[in-house]
Amino acid sequence: MKLIVDGKRLDGRSLSDLRTPLAIRAGVLNKADGSAYIEWGNNKILAAVYGPKECIPRHDINPYKAVVRCRYAMSPFASFEEHGRTGPNRRSREISKVIQEVFENVILAEQFPKTAIDIFIEVLQADGGTRVAGLTAAAVALADAGIPMKDVVAGIAAGKIDGQIAVDFGKYEDNFGESDMPFAISLRTGEILLFQMDGMLTKDEIAKAIDMAFEGAKKVNELQVKALKARYVEKEEKGAAPAPGIPPQEPASAEQPPQPAEGQEQPY
Amino acid sequence: MYGEGKFGVEGGGGGGGGRFRSGGDRGFGRRGFGRREGFRREGPPAREREAPQREGPEEHEIAGPHITRVVVPGEKISDSPRPVQFAFVDEGRTYSSILGLYDESAGRLVPLEGCYLPALDDYVVGVVKEVKFSGYNVDINSPYAGFLSGKETRDEFDLGDVIYAKVKDVDEVKNVDLSDARKLESGEIVEVLSVKIPRIIGKKSSMISMLMGATKSEICVGRNGRLWVKGGNSALAVAAVLKIAKEAHLPGLTDRMSAFLKQQA
(Lines give C-alpha, C1' and ligand atoms only; values in the text may rest on other atoms or scores of the structure.)
Protein backbone atom coordinates (compact mmCIF):
# COMPACT_ATOMS: atom_id res chain seq x y z
CA MET A 1 0.00 0.00 0.00
CA LYS A 2 1.48 3.31 -1.01
CA LEU A 3 1.26 5.91 1.72
CA ILE A 4 2.92 8.80 -0.11
CA VAL A 5 2.14 9.81 -3.65
CA ASP A 6 3.76 12.87 -5.21
CA GLY A 7 4.91 14.07 -1.83
CA LYS A 8 1.40 13.95 -0.39
CA ARG A 9 0.01 11.53 2.12
CA LEU A 10 -3.31 9.72 2.07
CA ASP A 11 -5.20 12.75 3.33
CA GLY A 12 -3.26 15.27 1.28
CA ARG A 13 -0.90 16.33 4.05
CA SER A 14 2.80 16.98 3.72
CA LEU A 15 5.28 15.03 5.81
CA SER A 16 5.37 17.60 8.58
CA ASP A 17 1.69 18.58 8.71
CA LEU A 18 -0.45 17.61 11.64
CA ARG A 19 -3.90 16.18 11.06
CA THR A 20 -6.97 18.35 11.01
CA PRO A 21 -9.13 19.05 12.83
CA LEU A 22 -6.89 19.45 15.83
CA ALA A 23 -8.79 21.19 18.56
CA ILE A 24 -8.84 21.03 22.33
CA ARG A 25 -11.37 22.31 24.76
CA ALA A 26 -10.85 22.53 28.52
CA GLY A 27 -13.46 22.25 31.24
CA VAL A 28 -16.04 20.11 29.48
CA LEU A 29 -17.14 17.95 32.42
CA ASN A 30 -19.02 19.59 35.26
CA LYS A 31 -18.25 17.03 37.93
CA ALA A 32 -14.59 16.42 37.29
CA ASP A 33 -11.99 18.61 38.96
CA GLY A 34 -10.42 19.10 35.55
CA SER A 35 -11.31 17.89 32.09
CA ALA A 36 -10.52 18.28 28.42
CA TYR A 37 -11.85 17.06 25.12
CA ILE A 38 -9.63 16.67 22.08
CA GLU A 39 -10.36 16.03 18.46
CA TRP A 40 -7.22 15.05 16.58
CA GLY A 41 -7.95 13.91 13.06
CA ASN A 42 -10.68 11.36 13.55
CA ASN A 43 -9.71 10.74 17.16
CA LYS A 44 -12.19 11.92 19.75
CA ILE A 45 -10.88 11.60 23.26
CA LEU A 46 -12.10 12.77 26.64
CA ALA A 47 -9.79 13.23 29.61
CA ALA A 48 -10.90 13.79 33.20
CA VAL A 49 -8.92 14.44 36.35
CA TYR A 50 -10.06 13.91 39.91
CA GLY A 51 -7.81 15.09 42.66
CA PRO A 52 -5.93 15.68 44.76
CA LYS A 53 -8.29 13.62 46.87
CA GLU A 54 -8.19 11.08 49.60
CA CYS A 55 -6.21 8.08 48.42
CA ILE A 56 -8.21 4.89 48.45
CA PRO A 57 -7.15 2.04 48.83
CA ARG A 58 -5.18 3.06 51.87
CA HIS A 59 -2.23 0.79 51.17
CA ASP A 60 -1.40 2.88 48.12
CA ILE A 61 -0.92 6.02 50.21
CA ASN A 62 2.48 7.68 49.94
CA PRO A 63 3.15 9.77 53.03
CA TYR A 64 5.44 12.15 51.13
CA LYS A 65 3.55 12.90 47.96
CA ALA A 66 0.43 12.34 45.92
CA VAL A 67 0.15 9.10 43.98
CA VAL A 68 -0.61 9.67 40.34
CA ARG A 69 -2.83 7.05 38.74
CA CYS A 70 -3.88 6.88 35.14
CA ARG A 71 -6.46 4.81 33.34
CA TYR A 72 -6.45 4.82 29.57
CA ALA A 73 -9.38 2.97 28.03
CA MET A 74 -11.02 2.67 24.68
CA SER A 75 -14.78 2.71 24.68
CA PRO A 76 -16.44 -0.34 23.11
CA PHE A 77 -17.48 1.69 20.06
CA ALA A 78 -14.18 3.45 19.52
CA SER A 79 -12.74 1.57 16.57
CA PHE A 80 -13.91 0.01 13.37
CA GLU A 81 -13.60 -3.49 14.70
CA GLU A 82 -14.29 -5.22 17.96
CA HIS A 83 -17.44 -3.46 18.91
CA GLY A 84 -18.70 -4.40 22.30
CA ARG A 85 -15.51 -5.90 23.66
CA THR A 86 -14.60 -3.82 26.61
CA GLY A 87 -12.44 -3.72 29.67
CA PRO A 88 -8.72 -3.41 30.28
CA ASN A 89 -6.41 -5.38 28.06
CA ARG A 90 -2.62 -5.61 27.75
CA ARG A 91 -2.40 -2.67 25.42
CA SER A 92 -4.52 -0.32 27.51
CA ARG A 93 -2.64 -1.33 30.66
CA GLU A 94 0.66 -0.53 28.96
CA ILE A 95 -0.59 2.82 27.74
CA SER A 96 -1.98 3.61 31.18
CA LYS A 97 1.41 2.89 32.71
CA VAL A 98 3.50 4.96 30.32
CA ILE A 99 1.15 7.93 30.54
CA GLN A 100 1.10 7.70 34.31
CA GLU A 101 4.87 7.91 34.30
CA VAL A 102 4.76 11.03 32.14
CA PHE A 103 2.64 12.83 34.68
CA GLU A 104 4.45 11.46 37.70
CA ASN A 105 7.43 13.33 36.33
CA VAL A 106 5.75 16.69 35.83
CA ILE A 107 3.24 16.97 38.65
CA LEU A 108 4.62 18.64 41.78
CA ALA A 109 3.23 15.83 43.87
CA GLU A 110 5.11 16.70 47.06
CA GLN A 111 2.63 19.46 47.68
CA PHE A 112 -0.13 16.93 48.34
CA PRO A 113 1.12 14.10 50.54
CA LYS A 114 -1.16 11.14 51.18
CA THR A 115 -3.53 11.98 48.37
CA ALA A 116 -4.28 10.52 44.97
CA ILE A 117 -4.61 12.22 41.62
CA ASP A 118 -6.63 10.15 39.18
CA ILE A 119 -6.39 10.71 35.45
CA PHE A 120 -8.93 9.10 33.14
CA ILE A 121 -8.53 8.98 29.39
CA GLU A 122 -11.45 7.63 27.44
CA VAL A 123 -11.15 7.16 23.70
CA LEU A 124 -14.53 7.68 22.08
CA GLN A 125 -13.32 7.29 18.53
CA ALA A 126 -9.90 6.00 17.54
CA ASP A 127 -7.89 6.61 14.39
CA GLY A 128 -4.24 6.16 15.22
CA GLY A 129 -2.13 8.01 17.76
CA THR A 130 -4.63 7.77 20.59
CA ARG A 131 -2.00 7.60 23.30
CA VAL A 132 -0.40 10.88 22.28
CA ALA A 133 -3.76 12.56 21.77
CA GLY A 134 -4.95 11.16 25.10
CA LEU A 135 -1.98 12.40 27.05
CA THR A 136 -2.24 15.78 25.33
CA ALA A 137 -5.81 16.07 26.59
CA ALA A 138 -4.85 14.75 30.01
CA ALA A 139 -2.21 17.46 30.41
CA VAL A 140 -4.84 20.08 29.73
CA ALA A 141 -7.24 18.41 32.15
CA LEU A 142 -4.59 18.41 34.88
CA ALA A 143 -3.93 22.12 34.44
CA ASP A 144 -7.67 22.72 34.36
CA ALA A 145 -7.92 20.98 37.73
CA GLY A 146 -5.42 23.41 39.18
CA ILE A 147 -2.80 20.75 39.79
CA PRO A 148 0.70 22.26 39.91
CA MET A 149 3.01 20.98 37.22
CA LYS A 150 6.36 21.87 35.71
CA ASP A 151 4.94 22.16 32.22
CA VAL A 152 2.00 21.34 29.99
CA VAL A 153 3.24 18.22 28.25
CA ALA A 154 2.49 17.78 24.55
CA GLY A 155 2.13 14.46 22.78
CA ILE A 156 3.18 13.79 19.20
CA ALA A 157 4.15 10.83 17.07
CA ALA A 158 6.90 10.68 14.45
CA GLY A 159 8.34 7.87 12.37
CA LYS A 160 8.81 6.53 8.88
CA ILE A 161 6.26 5.85 6.19
CA ASP A 162 7.15 4.79 2.64
CA GLY A 163 10.80 5.44 3.38
CA GLN A 164 10.27 9.04 4.53
CA ILE A 165 10.35 10.53 8.01
CA ALA A 166 7.04 12.14 8.90
CA VAL A 167 4.92 13.21 11.88
CA ASP A 168 1.47 12.38 13.12
CA PHE A 169 0.10 9.19 11.73
CA GLY A 170 -3.43 8.11 11.07
CA LYS A 171 -4.53 4.53 11.49
CA TYR A 172 -3.37 3.28 8.09
CA GLU A 173 -0.03 5.06 8.29
CA ASP A 174 0.43 3.48 11.72
CA ASN A 175 -0.39 0.02 10.49
CA PHE A 176 1.41 0.04 7.13
CA GLY A 177 4.32 2.35 7.84
CA GLU A 178 7.86 1.27 8.72
CA SER A 179 8.10 2.85 12.13
CA ASP A 180 6.01 4.74 14.62
CA MET A 181 7.41 6.53 17.66
CA PRO A 182 5.05 8.24 20.10
CA PHE A 183 6.55 11.03 22.21
CA ALA A 184 5.57 13.14 25.16
CA ILE A 185 7.58 16.35 25.23
CA SER A 186 8.05 19.12 27.76
CA LEU A 187 8.92 22.09 25.59
CA ARG A 188 10.04 24.25 28.48
CA THR A 189 13.14 22.15 29.04
CA GLY A 190 13.19 20.11 25.85
CA GLU A 191 12.80 16.91 27.84
CA ILE A 192 11.17 13.79 26.50
CA LEU A 193 8.89 12.06 29.00
CA LEU A 194 7.52 9.28 26.83
CA PHE A 195 9.41 7.61 24.04
CA GLN A 196 8.32 4.34 22.49
CA MET A 197 9.06 2.75 19.18
CA ASP A 198 7.57 0.25 16.77
CA GLY A 199 9.61 -0.84 13.81
CA MET A 200 13.23 -0.16 12.86
CA LEU A 201 15.12 3.00 12.09
CA THR A 202 18.72 4.06 11.72
CA LYS A 203 20.21 6.47 14.23
CA ASP A 204 20.09 9.30 11.70
CA GLU A 205 16.45 8.61 10.98
CA ILE A 206 15.66 8.68 14.68
CA ALA A 207 17.47 11.99 15.06
CA LYS A 208 15.47 13.46 12.19
CA ALA A 209 12.25 12.09 13.59
CA ILE A 210 12.98 13.64 16.99
CA ASP A 211 13.52 17.03 15.37
CA MET A 212 10.25 16.77 13.52
CA ALA A 213 8.52 15.63 16.69
CA PHE A 214 9.66 18.73 18.55
CA GLU A 215 8.37 20.91 15.73
CA GLY A 216 5.01 19.18 15.86
CA ALA A 217 4.89 19.32 19.65
CA LYS A 218 5.22 23.12 19.51
CA LYS A 219 2.06 23.33 17.45
CA VAL A 220 0.22 20.98 19.78
CA ASN A 221 1.33 22.90 22.85
CA GLU A 222 0.05 26.16 21.39
CA LEU A 223 -3.39 24.61 21.16
CA GLN A 224 -3.21 23.27 24.70
CA VAL A 225 -2.31 26.68 26.07
CA LYS A 226 -5.01 28.30 23.98
CA ALA A 227 -7.62 25.89 25.33
CA LEU A 228 -6.67 26.67 28.92
CA LYS A 229 -6.56 30.42 28.47
CA ALA A 230 -9.77 30.49 26.46
CA ARG A 231 -11.76 29.92 29.63
CA TYR A 232 -10.56 33.20 31.04
CA VAL A 233 -10.12 35.75 28.31
CA GLU A 234 -12.98 38.12 27.90
CA LYS A 235 -13.01 38.38 24.15
CA GLU A 236 -12.45 35.61 21.70
CA GLU A 237 -9.95 36.04 18.93
CA LYS A 238 -11.61 37.35 15.82
CA GLY A 239 -11.80 34.79 13.10
CA ALA A 240 -10.84 31.85 15.28
CA ALA A 241 -13.07 29.10 13.99
CA PRO A 242 -13.87 26.36 16.47
CA ALA A 243 -13.33 22.83 15.26
CA PRO A 244 -16.36 20.95 14.02
CA GLY A 245 -17.96 18.94 16.79
CA ILE A 246 -16.70 21.23 19.49
CA PRO A 247 -19.18 23.99 20.35
CA PRO A 248 -17.63 27.47 20.50
CA GLN A 249 -15.93 28.27 23.77
CA GLU A 250 -17.94 30.50 26.05
CA PRO A 251 -15.63 32.60 28.16
CA ALA A 252 -16.95 34.08 31.39
CA SER A 253 -19.18 36.87 30.25
CA ALA A 254 -19.35 40.03 32.26
CA GLU A 255 -22.91 40.69 31.18
CA GLN A 256 -25.21 37.86 32.07
CA PRO A 257 -25.72 36.59 35.57
CA PRO A 258 -25.37 32.81 35.79
CA GLN A 259 -28.79 31.27 35.29
CA PRO A 260 -29.58 27.59 35.55
CA ALA A 261 -31.00 26.17 32.31
CA GLU A 262 -34.77 26.02 32.03
CA GLY A 263 -36.19 23.18 34.01
CA GLN A 264 -32.86 22.18 35.46
CA GLU A 265 -33.17 21.39 39.13
CA GLN A 266 -30.68 22.50 41.69
CA PRO A 267 -29.08 19.36 43.03
CA TYR A 268 -29.67 18.92 46.75
CA MET B 1 -20.49 16.24 45.05
CA TYR B 2 -21.91 19.70 45.43
CA GLY B 3 -19.78 21.31 42.81
CA GLU B 4 -19.92 24.68 41.20
CA GLY B 5 -21.11 24.45 37.63
CA LYS B 6 -18.33 24.59 35.12
CA PHE B 7 -18.71 25.26 31.43
CA GLY B 8 -20.40 22.22 29.94
CA VAL B 9 -20.26 21.03 26.38
CA GLU B 10 -23.79 22.28 25.81
CA GLY B 11 -22.52 25.77 26.35
CA GLY B 12 -24.99 26.78 29.06
CA GLY B 13 -23.00 29.32 31.01
CA GLY B 14 -22.27 27.48 34.26
CA GLY B 15 -23.42 28.86 37.51
CA GLY B 16 -25.62 26.02 38.70
CA GLY B 17 -23.89 25.85 42.03
CA GLY B 18 -24.69 22.93 44.27
CA ARG B 19 -26.79 23.78 47.25
CA PHE B 20 -27.99 21.73 50.13
CA ARG B 21 -29.96 22.69 53.14
CA SER B 22 -28.73 21.79 56.57
CA GLY B 23 -31.45 20.27 58.66
CA GLY B 24 -32.42 21.26 62.13
CA ASP B 25 -34.51 23.79 63.90
CA ARG B 26 -34.32 27.47 63.66
CA GLY B 27 -31.62 28.71 65.92
CA PHE B 28 -29.60 31.75 66.58
CA GLY B 29 -26.48 32.21 64.60
CA ARG B 30 -23.72 34.57 65.35
CA ARG B 31 -22.43 36.67 62.54
CA GLY B 32 -18.99 35.95 61.33
CA PHE B 33 -17.00 35.84 58.16
CA GLY B 34 -14.01 33.88 57.08
CA ARG B 35 -10.73 35.44 57.85
CA ARG B 36 -9.36 37.67 55.17
CA GLU B 37 -6.83 35.79 53.17
CA GLY B 38 -3.44 36.77 51.92
CA PHE B 39 -0.75 34.31 50.93
CA ARG B 40 -0.65 30.83 52.25
CA ARG B 41 2.82 29.54 52.80
CA GLU B 42 3.68 26.48 50.73
CA GLY B 43 6.88 24.79 49.67
CA PRO B 44 9.01 22.45 51.78
CA PRO B 45 7.05 20.46 54.36
CA ALA B 46 7.08 20.98 58.14
CA ARG B 47 7.01 24.22 60.07
CA GLU B 48 3.32 24.62 59.50
CA ARG B 49 2.92 25.10 63.22
CA GLU B 50 4.20 28.61 62.68
CA ALA B 51 1.41 30.99 61.75
CA PRO B 52 1.74 31.47 58.01
CA GLN B 53 2.54 35.01 57.07
CA ARG B 54 -0.28 36.82 55.40
CA GLU B 55 1.91 38.87 53.16
CA GLY B 56 1.06 41.25 50.46
CA PRO B 57 -2.06 43.17 49.59
CA GLU B 58 -4.80 41.62 47.50
CA GLU B 59 -4.49 42.19 43.78
CA HIS B 60 -7.36 44.62 43.74
CA GLU B 61 -5.86 46.68 46.54
CA ILE B 62 -2.86 47.82 44.58
CA ALA B 63 -3.33 51.33 43.38
CA GLY B 64 -3.26 52.14 39.74
CA PRO B 65 -3.84 50.00 36.69
CA HIS B 66 -2.06 46.69 36.79
CA ILE B 67 -1.72 44.25 33.99
CA THR B 68 -2.70 40.69 34.69
CA ARG B 69 -2.46 37.83 32.31
CA VAL B 70 -3.51 34.21 32.41
CA VAL B 71 -0.56 31.86 32.75
CA VAL B 72 -0.33 28.10 32.45
CA PRO B 73 1.99 25.60 34.13
CA GLY B 74 5.50 25.96 32.80
CA GLU B 75 4.96 29.48 31.48
CA LYS B 76 7.82 31.82 32.23
CA ILE B 77 6.94 34.77 34.45
CA SER B 78 10.41 36.16 35.07
CA ASP B 79 13.93 35.89 33.72
CA SER B 80 15.33 36.13 37.21
CA PRO B 81 14.70 33.94 40.23
CA ARG B 82 11.85 35.46 42.23
CA PRO B 83 10.07 34.04 45.28
CA VAL B 84 6.52 33.94 43.92
CA GLN B 85 3.99 31.66 45.52
CA PHE B 86 2.75 28.91 43.16
CA ALA B 87 5.79 29.46 40.97
CA PHE B 88 9.07 27.60 40.81
CA VAL B 89 12.58 28.56 39.84
CA ASP B 90 14.54 26.55 37.32
CA GLU B 91 18.03 27.56 36.15
CA GLY B 92 17.59 31.11 37.30
CA ARG B 93 14.18 31.71 35.74
CA THR B 94 10.79 31.75 37.37
CA TYR B 95 7.90 29.75 35.94
CA SER B 96 4.29 29.37 36.97
CA SER B 97 3.33 25.93 38.23
CA ILE B 98 -0.41 26.45 37.88
CA LEU B 99 -3.18 27.84 35.73
CA GLY B 100 -3.50 31.28 37.24
CA LEU B 101 -3.51 35.04 36.91
CA TYR B 102 -0.15 36.72 37.02
CA ASP B 103 0.05 40.34 38.05
CA GLU B 104 3.30 41.75 36.71
CA SER B 105 3.36 44.92 38.76
CA ALA B 106 2.68 43.17 42.05
CA GLY B 107 4.64 40.05 41.20
CA ARG B 108 1.70 37.97 42.40
CA LEU B 109 0.36 34.72 41.04
CA VAL B 110 -3.21 33.84 41.94
CA PRO B 111 -4.54 30.38 41.07
CA LEU B 112 -7.71 30.16 39.04
CA GLU B 113 -8.37 26.53 39.99
CA GLY B 114 -7.34 24.11 42.68
CA CYS B 115 -8.42 22.29 45.79
CA TYR B 116 -8.49 23.69 49.30
CA LEU B 117 -5.35 23.13 51.37
CA PRO B 118 -6.11 23.80 55.04
CA ALA B 119 -4.05 26.50 56.70
CA LEU B 120 -3.69 27.64 60.27
CA ASP B 121 -6.38 30.03 61.51
CA ASP B 122 -8.66 29.54 58.53
CA TYR B 123 -12.35 29.42 59.31
CA VAL B 124 -14.08 26.63 57.42
CA VAL B 125 -17.60 25.32 56.90
CA GLY B 126 -17.50 21.59 57.49
CA VAL B 127 -19.88 18.64 57.61
CA VAL B 128 -19.58 16.04 60.33
CA LYS B 129 -19.04 12.75 58.61
CA GLU B 130 -18.11 10.49 61.49
CA VAL B 131 -18.84 10.63 65.19
CA LYS B 132 -16.14 8.96 67.24
CA PHE B 133 -15.60 8.55 70.92
CA SER B 134 -12.88 11.19 71.06
CA GLY B 135 -14.26 13.61 68.56
CA TYR B 136 -15.56 14.08 65.04
CA ASN B 137 -14.19 13.56 61.56
CA VAL B 138 -15.25 16.54 59.50
CA ASP B 139 -15.43 16.92 55.75
CA ILE B 140 -13.86 20.28 54.96
CA ASN B 141 -14.00 20.07 51.17
CA SER B 142 -10.33 19.21 50.95
CA PRO B 143 -8.24 16.13 50.20
CA TYR B 144 -7.48 16.28 53.91
CA ALA B 145 -10.19 15.60 56.46
CA GLY B 146 -10.45 17.64 59.59
CA PHE B 147 -10.67 16.27 63.09
CA LEU B 148 -12.57 18.07 65.80
CA SER B 149 -11.54 16.80 69.21
CA GLY B 150 -14.22 16.42 71.85
CA LYS B 151 -12.07 18.57 74.12
CA GLU B 152 -12.20 21.52 71.75
CA THR B 153 -15.92 22.05 71.92
CA ARG B 154 -18.62 22.18 74.55
CA ASP B 155 -21.42 21.31 72.10
CA GLU B 156 -22.19 17.89 70.78
CA PHE B 157 -22.75 17.30 67.11
CA ASP B 158 -24.50 14.65 65.09
CA LEU B 159 -23.61 12.98 61.85
CA GLY B 160 -24.41 15.36 59.01
CA ASP B 161 -24.33 18.53 61.11
CA VAL B 162 -22.89 21.58 59.43
CA ILE B 163 -20.35 23.39 61.55
CA TYR B 164 -18.27 26.55 61.36
CA ALA B 165 -14.86 25.89 62.83
CA LYS B 166 -11.35 27.20 62.93
CA VAL B 167 -8.30 25.31 61.76
CA LYS B 168 -6.29 25.03 64.93
CA ASP B 169 -3.33 23.08 63.59
CA VAL B 170 -2.02 21.50 60.41
CA ASP B 171 0.95 19.26 60.96
CA GLU B 172 3.72 18.09 58.66
CA VAL B 173 1.68 15.18 57.37
CA LYS B 174 -1.40 17.35 56.83
CA ASN B 175 -3.43 16.13 59.77
CA VAL B 176 -5.94 18.90 60.38
CA ASP B 177 -7.21 19.75 63.85
CA LEU B 178 -10.24 21.97 64.25
CA SER B 179 -11.46 24.03 67.17
CA ASP B 180 -14.04 26.69 68.10
CA ALA B 181 -16.84 24.88 66.33
CA ARG B 182 -20.42 25.99 66.31
CA LYS B 183 -23.35 24.43 64.57
CA LEU B 184 -24.94 26.22 61.64
CA GLU B 185 -28.69 25.62 61.79
CA SER B 186 -30.98 25.76 58.76
CA GLY B 187 -29.97 28.10 55.97
CA GLU B 188 -28.15 26.82 52.92
CA ILE B 189 -24.62 26.11 51.76
CA VAL B 190 -23.06 27.38 48.55
CA GLU B 191 -19.88 25.77 47.35
CA VAL B 192 -17.38 27.50 45.08
CA LEU B 193 -13.72 26.98 44.31
CA SER B 194 -11.77 27.88 47.44
CA VAL B 195 -9.42 30.05 45.36
CA LYS B 196 -12.33 32.43 44.71
CA ILE B 197 -13.05 33.05 48.37
CA PRO B 198 -10.63 35.98 48.81
CA ARG B 199 -12.44 37.78 46.02
CA ILE B 200 -15.80 37.09 47.61
CA ILE B 201 -14.57 38.52 50.89
CA GLY B 202 -12.97 41.51 49.19
CA LYS B 203 -10.55 44.13 50.35
CA LYS B 204 -11.14 44.64 54.08
CA SER B 205 -14.31 42.53 53.70
CA SER B 206 -15.79 45.15 51.39
CA MET B 207 -17.39 42.74 48.95
CA ILE B 208 -18.97 40.46 51.53
CA SER B 209 -20.22 43.45 53.51
CA MET B 210 -21.84 44.81 50.39
CA LEU B 211 -23.57 41.47 49.83
CA MET B 212 -24.79 41.23 53.38
CA GLY B 213 -26.00 44.79 53.35
CA ALA B 214 -27.89 44.43 50.10
CA THR B 215 -29.50 41.09 50.92
CA LYS B 216 -29.79 41.37 54.71
CA SER B 217 -28.70 37.72 54.84
CA GLU B 218 -26.41 36.16 57.38
CA ILE B 219 -23.37 34.80 55.60
CA CYS B 220 -20.57 32.72 57.11
CA VAL B 221 -17.65 32.44 54.71
CA GLY B 222 -15.51 29.35 54.88
CA ARG B 223 -12.02 29.62 53.49
CA ASN B 224 -12.54 26.10 52.14
CA GLY B 225 -14.93 27.35 49.46
CA ARG B 226 -18.18 26.86 51.32
CA LEU B 227 -20.45 29.69 52.40
CA TRP B 228 -23.45 29.42 54.69
CA VAL B 229 -26.30 31.75 53.85
CA LYS B 230 -29.40 32.26 55.90
CA GLY B 231 -32.31 34.63 55.89
CA GLY B 232 -32.87 37.88 54.05
CA ASN B 233 -32.84 37.62 50.30
CA SER B 234 -30.77 34.43 50.38
CA ALA B 235 -31.50 33.57 46.76
CA LEU B 236 -29.93 36.83 45.68
CA ALA B 237 -26.99 36.29 48.02
CA VAL B 238 -26.36 32.87 46.49
CA ALA B 239 -26.65 34.22 42.95
CA ALA B 240 -24.27 37.03 43.81
CA VAL B 241 -21.71 34.66 45.30
CA LEU B 242 -21.80 32.44 42.24
CA LYS B 243 -21.44 35.45 39.97
CA ILE B 244 -18.38 36.68 41.84
CA ALA B 245 -16.83 33.24 41.69
CA LYS B 246 -17.44 33.03 37.96
CA GLU B 247 -16.06 36.51 37.21
CA ALA B 248 -13.39 36.79 39.89
CA HIS B 249 -10.63 37.16 37.34
CA LEU B 250 -12.24 40.04 35.43
CA PRO B 251 -11.60 43.67 36.39
CA GLY B 252 -14.22 46.07 37.61
CA LEU B 253 -16.04 43.40 39.55
CA THR B 254 -16.92 45.55 42.54
CA ASP B 255 -18.85 48.04 40.42
CA ARG B 256 -20.54 45.26 38.46
CA MET B 257 -21.64 43.55 41.66
CA SER B 258 -22.94 46.79 43.08
CA ALA B 259 -25.02 47.31 39.94
CA PHE B 260 -26.17 43.69 39.96
CA LEU B 261 -27.36 43.89 43.56
CA LYS B 262 -29.21 47.15 42.97
CA GLN B 263 -30.86 45.79 39.87
CA GLN B 264 -31.99 42.56 41.46
CA ALA B 265 -33.17 43.93 44.78
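How are α2(B) and α3(B) oriented to each other? The structure is a predicted model, in which local features need pLDDT of at least 70, side-chain atom pairs count only at pLDDT 80 or more, and totals for chains, interfaces and linings use all residues. Residues are numbered from 1 along each chain as its sequence is written, while chains are lettered from A and ligands numbered from 1 in the order in which they are written.

In chain B, helix α2 (residues 206–215) packs with helix α3 (residues 234–247) at an angle of about 155°, their axes 10 Å apart. Here helices are DSSP runs of H or I with at least four residues, strands are runs of E with at least two, and both are numbered from the N terminus. Axes are lines fitted to C-alpha atoms, for helices over the stretch in contact, and angles run from 0 to 180 degrees between N-to-C directions. α2(B) and α3(B) are therefore roughly antiparallel (angles over 145 degrees count as such). On the α2(B) side, B:M207, B:L211 and B:T215 meet B:L236, B:A237, B:A240 and B:I244 of α3(B), contact being C-beta atoms, placed from the backbone, within 7 Å.

Turning to the strands, chain B has an open, antiparallel sheet of three strands in the order β2-β6-β7; two strands pair if DSSP finds at least two bridges between them. β2 (68–71) and β7 (108–111) of chain B stand at the edges with a single partner strand each, so one side of each lacks a neighbour in the sheet. Four bridges join β2(B) to β6 (residues 100–103) of chain B, and B:V71 stands opposite B:G100 in β6(B).

Notes
Parallel < 35°, antiparallel > 145°, perpendicular 65-115°, else oblique. Contact = placed C-beta atoms within 7 Å.
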